[in-house]
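Subject: Structure handover

Hello,

Here is the structure I said I would pass on. My notes come after it.

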There are 2 protein chains.
Amino acid sequence: MSIYYQIYESLKKDLSNNLYKPGEKLPSENVLSKRFGVNRHTIRRSLQLLKDEGILFSKRGSGIIVHDNRFKYKIGKRVRFSQNILNENYVPETTILRSEIRKASKIEAKNLEINSKHEILLIETIGKINNVPSIKTKRIISNKRFPDFFDIFQKQLSITKTLKILGVNDFFRKNTLVTAEQADSIQANLLHCKINSPLLKTTYINQDLNLIPIEYSQTWFVGERIQLALEN
Amino acid sequence: MSIYYQIYESLKKDLSNNLYKPGEKLPSENVLSKRFGVNRHTIRRSLQLLKDEGILFSKRGSGIIVHDNRFKYKIGKRVRFSQNILNENYVPETTILRSEIRKASKIEAKNLEINSKHEILLIETIGKINNVPSIKTKRIISNKRFPDFFDIFQKQLSITKTLKILGVNDFFRKNTLVTAEQADSIQANLLHCKINSPLLKTTYINQDLNLIPIEYSQTWFVGERIQLALEN
DNA sequence: CTTTACTATACAACTATACAACTTTTAATT
DNA sequence: AATTAAAAGTTGTATAGTTGTATAGTAAAG
């Protein structure tokens, strides 16, 4: 087998072992050619294969960069799961894990600005991108304000559509908090990632045009596949 | 007598007369074929005989290189690459293939007697004798104990000198293990030998006067050109 | 008739070298 | 501290030269 192909395989192995991480630079062509004991053009040929596969791309004068295939999930004033994904020509899907109606906790009541005696609706969903589960969301919604929410959501599988039916034509983020967590075994299983894989966790409130909170929610994103793009 | 054999004898005579010196290139096949007034394939046949004898080695795209016969590499209590070669009136040279800082593997930590959480410095080098690459070494050194090792080594290109600068005036072998391996295509290219050529592999630990391990390393020698001389 | 030695030609794979275009780093200057 | 200029380093491109390999053909020897 030709040398350039073997080097290609060697580099591909390093890439899959995460020796070179998405967004980072590879060693320069000169360094690589010395490492493998071949001419620079031979290295270039190996690299070309990886560029053709979309794994690498190069910038003249700068270097060779590992392509970041992570989905860019936009977080701005209006965050819409399905629309976010459709905009990038991917296929979204939402499945419901569970729902529950119970009394609000103190924090939930505070964030939804409701009385803590009131009941809330809890919905947990998994969001899939091109059939790969990558997003888990836990929503808290006032059951007093939206008693039919779950019935409608179950059919629509969309927060935006459900709220529209309930007369809320627009809503937007009051705030968003981003933290990092490690996946436990249950989450890892749900999100098709490894145990201890880093997860991005967002905690946020969506409110309507009258600034009244609609939902107090938390969303976990698989860090290996999704990056959050914050907008202003 | 056939033409190719006469050319072979003529070339062999030139080689023994040191007309072409170890590490240097022969004239290209095209030049030789014109010189002898024969087709290139005839020259190739003559050269093949010399390659089979291990006297010549060819590198596609580069040329045909003169090799030397077996070098006696001494392995005793103190093994010093450059000194070993200088003692036999040959010219040593060291080039760096790559370096890497990462966490120690279990075996590395055990052999260096360090905590497996500590970071190690990995250095891969090629050792040349009279300009012929014949020795490849992979070293593992505690990055915690010698944080500046690579910077110094990069300039000195000598373990002995680097350690002296770092305050280690002497070091010696704790043990040496010798095994045999076959060259894969990448190693073959680096070491100017054929694929599947036998390599002598030594695995060893160098320690300081206080018996504390300094490096846990492995060295590959091209079996066709180097023989190990064990001393006590 | 088959084998061997040699020629002829063509192309693929790899090296060597040089320079252009561009970016990043370094140093000097203000 | 900020700006600017020079230097060094990176990828892109072009050209020529080298060995490896495949195919086809010719001539001589057994």
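Predicted model: local features only at pLDDT ≥ 70, side-chain atom pairs only at ≥ 80, totals over all residues.

DNA strands

Sorted by class, the surface near DNA strand C has 12 polar, six nonpolar and six charged residues.

Around DNA strand D there are 16 residues, of which A:Glu29, A:Gly61, B:Ser28, B:Glu29 and B:Gly61 come nearest. Two or more residues of that surface come from each of these elements: helix 2 and strand 2 (63-66) of chain A, and helix 2 (29-36) and strand 2 (63-66) of chain B. The classes near DNA strand D are 10 polar, four charged and two nonpolar residues.

Helices 2 and 3 of chain A

In chain A, the axes of helix 2 (residues 29-36) and helix 3 (residues 40-52) come within 8 Å and cross at roughly 105°. Angles of 65 to 115 degrees count as roughly perpendicular, so helix 2 of chain A is roughly perpendicular to helix 3 of chain A. On the helix 2 side the contact is made by A:Glu29, A:Asn30, A:Leu32, A:Ser33 and A:Phe36; on the helix 3 side it is made by A:Arg40, A:Ile43 and A:Arg44. Three nonpolar, three charged and two polar residues make up this contact.

Contact between the chains

Chain A puts eight residues into the contact and chain B puts in six. On chain B, strand 4 (92-103) and helix 8 (185-191) each supply at least two residues of the side that touches chain A. Helix 8 of chain B has the largest share of that side, with four residues. By class, the side of chain B that touches chain A has three nonpolar, two polar and one charged residues.

Nonpolar cores

The largest nonpolar core has 17 residues, and B:Leu191, B:Leu199, B:Phe221, B:Val222 and B:Ile226 touch the most other members. Elements of chain B giving two or more residues to this core include strand 3 (71-75), helix 4 (81-86), strand 5 (119-129) and strand 6 (132-142). Strand 9 of chain B gives the largest share of this core, three residues. Not counting residues up to four places away in sequence, B:Phe221 touches B:Tyr73, B:Ser134, B:Ile135, B:Leu199, B:Leu200, B:Ile226 and B:Leu228. There is also a second, separate core of 16 residues, with A:Leu112, A:Ile120, A:Ile141 and A:Tyr216 among them.

Two single residues

A:Asn189 sits in helix 8 (residues 185-191) of chain A. This residue is exposed because 12 other C-beta atoms lie within 10 Å, and a residue counts as exposed at 12 or fewer. Between A:Asn189 and A:Phe150 there are 39 residues in sequence and 25 Å in space, C-alpha to C-alpha.

B:Phe146 lies in the loop between strand 6 and helix 6 (149-156) of chain B. B:Phe146 has 19 C-beta neighbours inside 10 Å, so it counts as partly exposed. Leaving out residues up to four places away in sequence, B:Phe146 touches B:Ile141 and B:Leu166. B:Phe146 and B:Asn39 are 107 residues apart in sequence, and their C-alpha atoms are 58 Å apart in space.

Regards

Key: Residues numbered from 1 in each chain as written. Chains lettered and ligands numbered in written order. Axes fitted to C-alpha atoms, helices over the stretch in contact; angles between N-to-C directions. Parallel < 35°, antiparallel > 145°, perpendicular 65-115°, else oblique. Contact = placed C-beta atoms within 7 Å. Nonpolar A, V, L, I, M, F, W, Y, C, P; charged D, E, K, R; others polar. Near = placed C-beta within 6 Å. Core = buried A, V, L, I, M, F, W, Y, C linked by C-beta atoms within 7 Å. Buried ≥ 20, exposed ≤ 12 C-beta atoms within 10 Å, placed from the backbone.
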